[in-house]
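The following note sets out a few points for a colleague who has the model open. The points are numbered and may be read in order.

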Amino acid sequence: MRSKKGCFDSPFCRFWVFTKREKVMEIRYVDVADITKNIKEMCMEANFVLSEDMKKALENAKNTEHSPIGKKVLGDLEENLAIADKERIPICQDTGMAVVFIEIGQRVHFQGGNLEDAIHAGVRQGYQEGYLRKSVVSDPIERKNTGDNTPVVIHYSIVDGDGVKITVAPKGFGSENMSKIHMLKPAQGLEGVKEAIIKTVKEAGPNACPPMVVGVGIGGTFEKSALMAKQALTREVGEHSPIPWAKDLEVEMLSEINRLGIGPAGLGGSTTALAVHINTYATHIAGLPVAVNICCHVNRHITRSL
Amino acid sequence: MKKEREITLPITSEVADQLTIGDYVYLTGEMYVARDAAHKRLMELIEQHKELPIRLQNATIYYMGPSPAKPGNVIGSAGPTTASRMDQYTPTLLELGMKAMIGKGKRTKEVLEAIRENHAVYFAAIGGAGALLSRCIKKSEIVCYEDLGAEAILRIYVEKFPVIVVADSKGGNLYETAASEYVR
């Protein structure tokens with residue numbers, strides 16, 4: 001092998017370096033029309049069919065629920081899912097504000113239009129074609145319905161590789177309204193975190209359409225904790241955090257929540273939550289943010305990789 | 001679960017007084033559908049002493065905003081929305097004759113008191129069971145505020161629509177008592 005210096009000096013070798021670099025940086029072109037098409041389908045699918053993990057969790061709950069009315073509610077929810085699936089109608093009339101997480105490999109180049117426009121277009125088409133409810137107002141104070149359920153809440157992240165991973169999570173607001181952020185002091189520690197979670201769930205009670213899934217973000221900054229809590233809701237039910245203390249906390253919190261007695265539909269019982277999912281991040285020496293994002297039993301999330 | 005019974009709408013004070021928290025009731029008859037934006041408009045009319053587009057005497061209001069009906073269907077998915085957002089309007093509507101509400105979730109002390117004073121009732125339908133509940137809705141028409149989209153006021157005819165009494169005219173509140181039974 002020639003020395004690096006020698007290589008750069010020779011015109012031939014310069015070309016070689018150039019082509020080698022090209023190879024490493026090989027670009028994958030993705031047409032934004034594909035993004036629109038997939039998001040359109042995912043909006044409909046998520047609203048008509050609950051994911052298998054959620055269905056299974058509800059089925060397990062029906063077998064373990066103590067209260068007769070709780071059992072009946074869970075049975076009705078099962079029937080509701082079957083009707084929605086068969087007739088291709090929404091599981092819940094609140095078909096949510098569409099939240100889209102999109103992970104983009106850094107070797108991807110989008111072509112054929114603007115990516116953000118393509119995401120909005122997918123939601124617009126999905127909510128139109130799927131007869132989904134248009135629940136978005138253009139301004140929080142003036143409150144005029146936009147008529148097509150856009151704009152969408154989009155969270156981008158750039159990752160390695162050349163893939164595009166899209167998660168669509170239409171979020172209903174019965175439970176969104178009961179979600180909270182607690183900016184704790186470091187001295188409050190794990191006990192403070194537990195109190196914040198339980199207090200939030202207790203206050204949510206029947207309003208959040210239990211049995212619920214509880215997404216928790218611990219650490220980061222104010223907005224980072226909220227985003228982690230939202231992301232935690234898209235995790236497969238039953239999957240635990242890889243961090244040992246967080247996993248233990250998930251297990252303990254689920255058991256505590258199910259001792260509150262709120263029950264299915266808040267009518268009393270032993271199934272108040274189906275899962276507690278915790279995501280964590282580094283934080284500041286002065287802070288301990290805890291965000292609790294609650295989702296009803298229609299915890300819709302669908303992921304596709306392009 | 002306590003008593004199961006069938007009731008034909010409208011609900012009068014006499015009927016409301018016979019209901020107790022925990023009763024499982026199947027409703028048949030006509031009711032209105034209204035939620036946040038429609039309530040706001042009704043209140044504006046009331047404040048201006050103008051005529052209302054709906055008849056409140058012995059009315060049942062279902063807090064709901066359906067998804068659009070697919071061709072050939074009466075209505076889309078049609079489950080209850082959170083009632084507490086209507087709390088600030090509810091005592092006035094009860095004073096004007098409304099007798100029953102269907103929604104989900106807790107109400108304020110003021111609302112529970114107004115339910116007791118006006119011999120009315122608050123029912124819960126199962127939140128998130130919109131596909132199942134839509135099957136009980138046999139007719140649906142827009143009464144007014146079509147411009148509000150999913151928030152327009154509707155008149156619907158239901159058959160054996162399943163609800164549970166969660167606040168009764170004796171001051172009972174099922175959400176308080178039911179949970180305490182299963183606290184461990």
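This is a predicted model: local features need pLDDT of at least 70, side-chain atom pairs count only at pLDDT 80 or more; totals for chains, interfaces and linings use all residues.

1. Val168(A), in β5(A), is the bridge partner of Val100(A).

2. Strand β2 of chain A covers residues 97–105, and strand β5 of chain A covers residues 164–171. The two strands run antiparallel and are joined by 8 bridges.

3. These strands belong to an open sheet of 4 strands in chain A, with the order β4-β2-β5-β10 and mixed pairing. Which strands stand at the edges? They are β4 (153–159) and β10 (302–305) of chain A; each has a single partner strand, so one side of each is left without a neighbour in the sheet. From one strand to the next, the twist averages 15°.

4. A helix also packs on this sheet: α3 of chain A, residues 32–48, touches β2, β5 and β10 of chain A. The direction of α3 makes about 40° with that of β5(A).

5. The remaining points concern the two chains together. How many residues of chain B are in contact with chain A? There are 37, and they meet 44 residues of chain A.

6. On the side of chain B that touches chain A, the elements giving two or more residues are α5 (130–134) and α6 (174–182) of chain B. The largest share of that side comes from α6(B), with 7 residues.

7. As to composition, the side of chain B that touches chain A comprises 18 nonpolar, 14 polar and 5 charged residues.

Conventions
Residues are numbered from 1 along each chain as its sequence is written. Chains are lettered from A and ligands numbered from 1 in the order in which they are written. Two residues are in contact if their C-beta atoms, placed from the backbone, lie within 7 Å. Ala, Val, Leu, Ile, Met, Phe, Trp, Tyr, Cys and Pro count as nonpolar, Asp, Glu, Lys and Arg as charged, and the others, Gly among them, as polar. Two strands pair if DSSP finds at least two bridges between them. Axes are lines fitted to C-alpha atoms, for helices over the stretch in contact, and angles run from 0 to 180 degrees between N-to-C directions.
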